[in-house]
Amino acid sequence: MRTMTPEEYRERRETVPPYTVHITSYRLGDMFHCTIDNVDPGAVIARSKGSSREEAEAVALRSAINRLMYSSSRQG
Amino acid sequence: MSTNGFAHPEVLVNTEWTELHRNDSGIRVVEIDVDTKAYDEGHIPGAVGWNWQTQLADQTRRDLISKAELEKLLGDSGIDNATTVLLYGDNNNWFAAWAFWQLKVYGHKDVRIIDGGRRKWIAEGKPLTTDPPEITKTKYHASDPDFSLRAFADDVSSLIGKRDTWSLVDVRSNDEYTGKILAPAGLPETCQRGGHVPGAANIPWGKNVNEDGTFKPAKELEELYKSQGVTPDKRVVAYCRIGERSSLTWFVLKYLLGFRDVRNYDGSWTEWGNLVNVPVHKGATP
């Protein structure tokens with residue numbers, strides 16, 4: 001069984017008005033993986049991978065923004 | 001391994017223990033995700049992957065899978081009745097906690113949660129693989145479902161106003177509880193009305209865990225619940241939006257704190273917030 005070790009793990013927060021998102025990224029082999037959660041409650045809302053951290057995070061952020069835009073359209 | 005004062009410390013293993021024992025005979029690691037792309041990207045070597053939406057839930061009506069379906073899933077996963085099952089997953093172990101609850105409903109003896117879940121395993125740089133595990137199928141015999149661990153909408157209706165003997169715990173975010181929003185940001189709205197079940201205390205799931213996703217010590221958890229009137233002498237029902245976050249709180253109250261009667265209302269707000277003619281309270285007070 002081939003195993004790999006996740007490296008260059010990083011977590012950070014970014015504001016996507018009016019929301020704050022939590023961005024996690026790491027390298028596995030030659031690919032960077034990125035997940036974005038909605039902080040409260042912490043559900044993953046976007047996931048992507050790319051050849052660089054910047055690419056993986058940019059794709060995931062675009063996906064997250066799309067989902068968040070829909071969320072803000074209707075409140076209880 | 002520290003027991004942190006837990007009533008049943010045997011149901012929790014840390015990542016170090018898991019790394020040492022994951023290949024032991026009689027142990028099966030299972031990753032449970034709501035989005036199994038996570039498992040496909042890389043999982044603990046030897047771990048089986050379960051999809052919460054398609055493998056743990058009935059695909060026709062809203063319910064748990066049947067006893068026969070569970071027996072097949074476990075048998076196909078190489079799990080027999082004596083196997084120690086180690087669960088972890090994405091979304092802060094919410095769905096791993098659901099699987100724990102579901103396995104207890106069907107009577108599996110030795111099931112444990114990997115503290116901190118997928119996030120902590122990866123943050124610590126522990127090994128992952130994309131290779132599927134080698135499985136020898138087994139024959140599994142489940143018990144009949146133990147519904148003393150589960151609450152239905154009628155049960156919740158019947159305990160409204162009985163705060164001297166029952167506690168309702170709404171584990172959603174404060175904005176969901178008050179009715180300000182119908183669903184967490186970025187997730188689908190699954191209800192027609194916002195708010196909470198009258199009398200429910202709001203103790204969001206995240207208060208159970210540290211920054212790294214591991215569970216807080218028993219003393220801190222006891223104080224957290226006591227401060228909201230949730231004490232071991234009462235029977236407790238926990239709910240959230242779809243029943244997965246409340247599974248984690250159910251796990252905390254039942255196994256880490258040892259409360260005698262704790263039930264997970266898996267219908268949760270997706271059911272209650274759509275029901276006709278049931279009471280709903282909006283705002284920050286119970």
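Biologist: How many residues of domain 1 of chain B are in contact with residues of domain 2 of chain B?

Modeller: 18 residues of domain 1 are in contact with 15 residues of domain 2 of chain B. Two residues are in contact if their C-beta atoms, placed from the backbone, lie within 7 Å. This is a predicted model, in which local features need pLDDT of at least 70, side-chain atom pairs count only at pLDDT 80 or more, and totals for chains, interfaces and linings use all residues. Residues are numbered from 1 along each chain as its sequence is written, and chains are lettered from A in the order in which they are written.

Biologist: Which elements of chain B each supply at least two residues of the side of domain 1 that touches domain 2?

Modeller: H5 and helix H6 (117–123) of chain B do. Helices (H or I, at least four residues) and strands (E, at least two) are DSSP runs, numbered from the N terminus. H5(B) gives the largest share of that side, eight residues.

Biologist: Where do the bounds of domain 1 and domain 2 of chain B lie?

Modeller: The assignment gives domain 1 (9–145) and domain 2 (148–272). Such bounds come from an automatic or database domain assignment. The centres of the two domains of chain B, taken over C-alpha atoms, are 23 Å apart.

Biologist: What makes a set of residues a nonpolar core?

Modeller: The set must consist of buried Ala, Val, Leu, Ile, Met, Phe, Trp, Tyr and Cys residues joined through C-beta atoms within 7 Å. A residue is buried if 20 or more other C-beta atoms lie within 10 Å of its own, exposed if 12 or fewer, and partly exposed in between. The largest nonpolar core has 75 residues, and Leu87(B), Phe100(B) and Ala238(B) are among those with the most contacts inside it. Helix H5 (residues 94–105) of chain B gives the most to this core, with ten residues. At least three residues of this core come from each of domain 1 and domain 2 of chain B.

Biologist: Which residues is Ala238(B) in contact with, leaving aside its neighbours within four places in sequence?

Modeller: They include Val169(B), Val171(B), Trp250(B), Leu253(B) and Tyr265(B).

Biologist: How many residues does the second, separate core have?

Modeller: That core has 15 residues, including Tyr19(A), Ile23(A), Ala46(A) and Leu68(A).

Biologist: How many helices and strands does chain A have?

Modeller: Chain A has one helix and four strands, running β-β-β-β-α from the N terminus on. Of its 76 residues, 37% count as buried.
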